[in-house]
Amino acid sequence: PLSGFVLDADCNVGVSDSAGRYSIGVRAGHSHTIYPSGDDFYPHGFFPPGASTAQIAANQVIVQDLNATPITSYLIGRVVDEQGNAIAGMDVEAQGGGRSVVSTDSNGNFKLGVAAGHWRFNIDADNAWQQNLVAHQSSITVTEGNDVTNLTYTAKRATRQLTVILRDNLGRPVSNVDLVLRTPRQNTQPP
């Protein structure tokens, strides 16, 4: 059992006890998502658990078990720009058998917890944009209990900036929209 972890359900919190049990009061008439409050699970060697409940009726009590998956391996490496300069404070993330995120240290180094399986690995696009970098994605396969070391993620500096104003059919700006632009992969194999 994992004790002392703060869990959140729509801004209502509970703390797991020594037996791993927790209790959170919520409003009736809604379903709720239960997730960790903060990043406490990573330093203890676990991916943060999460779950969604069915709609809860008034005076109803439900049991929602959460399973924290252990981190069994690490992606260890460095983030640099095209000139080999360290990129400090960059969020590095991997998605596969969960989601794992860590920030690089002042020398661009990172140690990112993962488990066995296929992972997509990249720097965070929002964080990269703030540092005038362009994110790209790599794929990595991890075997149980084996770290992948000496990784070098080379982030390219942006050379152009694109400004987009999204408008509705009446010409009014549309706010709160995420826009993702991707370049198609070019076939490098001869025809």
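Reader: Helices (H or I, at least four residues) and strands (E, at least two) are DSSP runs, numbered from the N terminus. Which element gives the most to the lining of the largest pocket?
Author: That's α1, with four residues. This is a predicted model, where local features need pLDDT of at least 70 and side-chain atom pairs 80 or more, while totals for chains, interfaces and linings use all residues. Numbering runs from 1 along each chain as its sequence is written, and side-chain values use heavy atoms, without hydrogens or water.

Reader: Which other elements give two or more residues to the lining of the largest pocket, and which residues lie nearest its centre?
Author: Of the 36 lining residues, Ala 125, Val 134, Leu 179, Val 180 and Leu 181 lie nearest the centre. Besides α1 (125-130), β6 (91-95), β9 (117-123) and β10 (133-134) each give two or more residues to that lining. A pocket is an open set of 1 Å grid points where a 1.4 Å probe fits, with protein on both sides within 12 Å along at least five of seven lines; lining residues have an atom within 4 Å of a point.

Reader: Switching to strands: does β5 run parallel or antiparallel to β8?
Author: Antiparallel: six bridges join β5 (residues 73-81) to β8 (residues 109-114), and pairing takes at least two by DSSP. Leu 75 has Leu 112 in β8 as its bridge partner.

Reader: How many bridges join β5 to β12?
Author: Six, and β5 runs parallel to β12 (residues 148-157). Val 80 stands opposite Thr 154 in β12.
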